[in-house]
Amino acid sequence: MNFQLSEEHIMIRDAARDFAKSELLPGVIERDETQTFPHEQIKKMGELGLMGMMVSPEYGGSGMDTISYVLAIEEISKIDASAGVAMSANNSLVCWGLEKYGSEEQKQKYLKPLASGEVLGAFCLSEPEAGSDATSQKTTAIDKGDHYLLNGVKNWITNGGNASIYLVVAQTDISKAHKGINVFIVEKDTPGFKVGKKENKLGIRGSDTHSLLFTDVKVPKENRIGEDGFGFRFAMETLSGGRIGIAAQALGISSGAYELSLQYSKERKAFGKEISKHQAIAFKLADMAVEIEAGRFLCLKAAWDKDQGLNYDLSSSMAKLYCADSSMKITTEAVQIHGGYGFVKEYHVERMMRDAKITQIYEGTSEIQKIVISRAVLK
């Protein structure tokens, strides 16, 4: 076993870290308060190659491995988890599936601008009654010969308002249940497609989360991904990889809160000495450090499994479950360590605590991860 990062991995991690500090940190509190999407920052992330990290250079991507991706997501999310999830969705939920299962025509037309960061993508699975139960799709796509007619509503879509290309999961034959589900590529300016209301959220407020409405939207036959009925498998495989990105996002939130707490504990004095010298605080820092290290290795193991071509359903679920749950604990302790200042926005940790919560919910709740894990270990 080799627990050392390669020189290339260290270079990518450090580049993402420097970018986050110089470009994302300024204005991050204001973007959270005003729910402002980081347009310019995301554009620069695209120019750096962060929006299509694992896509082959042939299709406009950076051609990096999943380990590089995990390292970069952690560094971006340490500073701005909203930028982190925009990056994760574009990489894991949109680009990956298009490259693996899209036709050559689809890759040339859609993957290239997505991977290069020229445009942003969104993955549209969740509905008012189909979140954890992804089989209960009410959005329909009726076969009309040379096109499909798409009708329905999607909820809680990351990049919903700023995306230009949407991968939409819909039911084409309800009698076939999950085997009648397909995925379609929909362009933003398609007639009948409308971006609905923006959600006013607890956390990741710089990320735009919208409902999407489809009313008699004509989707060309060539915009279906894969064979007829392939959609459910596509969605499940896509989410399995997406969980690695969200695990890394949760890890980044944790490590960002920990680093701020460590620094603060060495500066703040109480009862005549730095609070880091009080055992109550020192033990909190010790617990945080252990959980972050454990989470980091779970993330890297899942990424390694993926890079090696191994099945990563279990390792990605373990990483997401652990990193998400520990992020909620770590950020809560970070607020506690900061005391009254932890409740104040300018110290960042209250935002991180709010951001951490969603990692236990989207791309498969913690409860869903436990179902995946328990089924695997009981086989």
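Is serine 68 buried or exposed? In this predicted model, serine 68 is buried, with a relative accessible area of 1%, a value that falls under the 20% limit used for that word. Serine 68 belongs to helix H4, and when its neighbours within four places in sequence are left aside, the residues in contact with serine 68 are His9, Ile12 and Met53.

Helix H4 also packs against another helix, H8, and the axes of H4 and H8 come within 8 Å and cross at roughly 150°. On the H4 side the contact is made by Thr66, Ile67, Val70, Leu71 and Glu74, while H8 brings Arg296, Cys299, Leu300, Ala303, Trp304, Lys306 and Asp307. Sorted by class, the contact of H4 with H8 has 7 nonpolar, 1 polar and 4 charged residues.

## The largest pocket

How much space lies in the largest pocket? The computed volume is about 1300 Å³, and the lining of this pocket is made up of 45 residues, with Met236, Leu239, Arg243, Glu363 and Gly364 lying nearest its centre. The elements that give two or more residues to this lining are helix H5 (81-101), strand S3 (147-158), helix H7 (231-267), helix H9 (313-338) and helix H11 (366-378). Of these, H7 gives the most, with 7 residues. When the lining of the largest pocket is divided by class, 23 residues are nonpolar, 12 are polar and 10 are charged.

Glutamate 363 sits in the loop between helix H10 (349-358) and H11, and the phi angle of glutamate 363 is near 55°, a positive value in a residue other than glycine. With a relative accessible area of 13%, glutamate 363 counts as buried, because buried is the word for values under 20%.

## The second largest pocket

The second largest pocket holds about 610 Å³ of space. This pocket is lined by 20 residues, and those closest to its centre are Asn2, Phe3, Leu5, Phe297 and Leu300. Two or more residues of the lining come from each of helix H1 (7-24), helix H4 (66-79) and helix H8 (279-307), and H8 gives the most, with 6 residues. The lining of the second largest pocket divides into 8 nonpolar, 3 polar and 9 charged residues.

## Salt bridges

How many salt bridges does a search of the whole structure find? The search finds 21, and one of them joins lysine 100 to glutamate 237, with the closest N and O atoms 4.0 Å apart. Because lysine 100 lies in helix H5 and glutamate 237 in helix H7, this pair ties together parts that are 137 residues apart in sequence. Lysine 100 has a relative accessibility of 48%, so it counts as partly exposed.

A second pair, glutamate 127 and lysine 154, meets at 2.8 Å from N to O. Here too distant parts of the chain are linked, for glutamate 127 is in the loop between strand S1 (121-124) and strand S2 (140-143), while lysine 154 is in strand S3, 27 residues apart. Both glutamate 127 and lysine 154 are buried. Glutamate 274 and lysine 277 form another salt bridge, with the closest N and O atoms 3.3 Å apart, and lysine 277 counts as exposed at 56% relative accessibility. Salt bridges can also join into a network, as they do among Arg17, Glu75, Lys78 and Glu259.

## Serine 82 and isoleucine 204

Serine 82 has its place in helix H5 and, at 5% relative accessibility, counts as buried. Leaving aside neighbours within four places in sequence, serine 82 is in contact with Ile204, Arg205, Gly206 and Ser207.

The contact partner Ile204 is found in the loop between strand S6 (193-198) and strand S7 (209-220). Isoleucine 204 is buried, with a relative accessible area of 3%, and the phi angle of isoleucine 204 is near 30°, which is a positive value in a residue other than glycine.

Note on methods. Residues are numbered from 1 along each chain as its sequence is written. This is a predicted model: local features need pLDDT of at least 70, side-chain atom pairs count only at pLDDT 80 or more; totals for chains, interfaces and linings use all residues. Side-chain values use heavy atoms; hydrogens and water are left out. On a 1 Å grid over the protein atoms alone, a cavity is a set of points where a 1.4 Å probe fits but cannot get out, and a pocket is an open set with protein on both sides within 12 Å along at least five of seven lines; lining residues have an atom within 4 Å of a point. Grid points are joined across faces, edges and corners, and a volume is the space filled by probe spheres set on the points. Helices (H or I, at least four residues) and strands (E, at least two) are DSSP runs, numbered from the N terminus. Ala, Val, Leu, Ile, Met, Phe, Trp, Tyr, Cys and Pro count as nonpolar, Asp, Glu, Lys and Arg as charged, and the others, Gly among them, as polar. A salt bridge is a side-chain nitrogen of Lys or Arg within 4 Å of a carboxyl oxygen of Asp or Glu. Buried means under 20% relative accessible area, exposed over 50%, partly exposed in between (1.4 Å probe, protein chains only). Axes are lines fitted to C-alpha atoms, for helices over the stretch in contact, and angles run from 0 to 180 degrees between N-to-C directions. Contact means heavy atoms within 4.5 Å.
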